[in-house]
Amino acid sequence: MTGSKFEQEFCEVLKGLGYWALNIPKNKNGAQPFDIVAMHGNTVLAIDCKVCSGQSRFPLVRIEDNQWTAFKTVHDRTFAWVGIAVYYHGEVYFYQYKDLESALKHGLKSVPIDQYHKWLNKEEIKETIGRYLE
């Protein structure tokens with residue numbers, strides 16, 4: 001699956017859960033800090049989508065400098081869930097910004113995919129990302 005296809009499909013899943021969800025279009029350089037911004041009630045999501053194949057670890061270098069800055073800013077100044085969604089072998093895994101930042105501060109260059117929170121169905125995505133929908 002391509003990154004763009006994953007972003008589109010994941011955005012549609014969020015819409016199906018009752019979120020207002022926007023798949024942010026690439027700018028002329030292709031770089032924006034988040035791929036999806038979504039809201040439902042008091043729940044706000046700021047998500048970057050990544051596709052991994054053939055590797056059991058997610059390399060932190062795949063998160064660009066502008067993304068680290070945006071993740072920190074949004075995390076520190078809002079109540080949004082900030083992080084990445086990783087498509088890996090037909091499954092979707094989540095990692096929150098604070099966990100990614102902690103791994104980086106501990107000198108890690110990558111994180112194991114199996115340490116991600118795995119999403120299997122719509123109920124589990126609600127549990128993983130944040131508050132239950134009302």
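A: K105 and E101 both belong to helix α3, which covers residues 97-105. They are four residues apart, about one turn of the helix. Helices here are DSSP runs of H or I with at least four residues, strands are runs of E with at least two, and both are numbered from the N terminus. The side chains of K105 and E101 meet in a salt bridge, at 3.8 Å from N to O. A salt bridge is a side-chain nitrogen of Lys or Arg within 4 Å of a carboxyl oxygen of Asp or Glu.

This is a predicted model, in which local features need pLDDT of at least 70 and side-chain atom pairs count only at pLDDT 80 or more, while totals for chains, interfaces and linings use all residues. Residues are numbered from 1 along each chain as its sequence is written, and side-chain values use heavy atoms, with hydrogens and water left out.

K105 counts as exposed because its relative accessibility is 65%, while E101 is partly exposed because its relative accessible area is 21%. The cut-offs are under 20% relative accessible area for buried, over 50% for exposed, and in between for partly exposed, with a 1.4 Å probe and protein chains only.

Side chains of opposite charge can pair when their charged atoms come close. By the salt bridge rule, the count comes to five. Another of these joins E12 and K15, with 3.4 Å from N to O. Both residues lie in helix α1, three residues apart, again about one turn of the helix. E12, at 49% relative accessibility, counts as partly exposed, and so does K15 at 38%.

A further salt bridge links D48 with K50, their closest N and O atoms being 3.0 Å apart. Here both partners are buried: D48 has 3% relative accessibility, and K50 has 8%. Q67 touches both D48 and K50, as well as Q32, P33 and R62, when residues up to four places away in sequence are not counted. A contact means heavy atoms within 4.5 Å. Q67 is found in helix α2, residues 65-77, and counts as buried because its relative accessibility is 2%.

In one of them, F6 and Y87 are tilted, at 5.6 Å centre to centre with 45 degrees between the planes. This pair links distant parts of the chain, with F6 in helix α1 and Y87 in strand β5 (residues 81-88), 81 residues apart. Both F6 and Y87 are buried. The rings of F10 and F94 form another tilted pair, because their centres are 5.9 Å apart and their planes stand at 45 degrees. F10 lies in helix α1 and F94 in strand β6 (residues 91-96), so this pair ties together parts that are 84 residues apart in sequence. F10 and F94 are both buried. Ring pairs link F6, F10, W81, Y87 and F94 into a cluster. For these pairs, rings of Phe, Tyr and Trp (its six-membered ring) must have centres within 6.5 Å; planes under 30 degrees apart count as stacked, over 60 as edge-to-face, and the rest as tilted.

F6 and Y87 are also touched by M1, along with E9 and V51, again not counting residues up to four places away in sequence. M1 lies in the segment before α1 (3-16), and is partly exposed at 42% relative accessible area. The C-alpha atoms of M1 and S53 are separated by 9.2 Å, although the residues are 52 apart along the chain.

As for the whole, the protein has four helices and eight strands. From the N terminus on, these elements run α-β-β-β-β-α-β-β-α-β-β-α. Buried residues make up 42% of the 134 residues. Among contacts between residues at least 6 apart in sequence, 57% join residues at least 24 apart.

The protein exposes about 7400 Å², of which carbon and sulfur atoms supply 52%. Accessible areas come from the Shrake-Rupley method with a 1.4 Å probe, and for residues only the protein chains shown count as cover.
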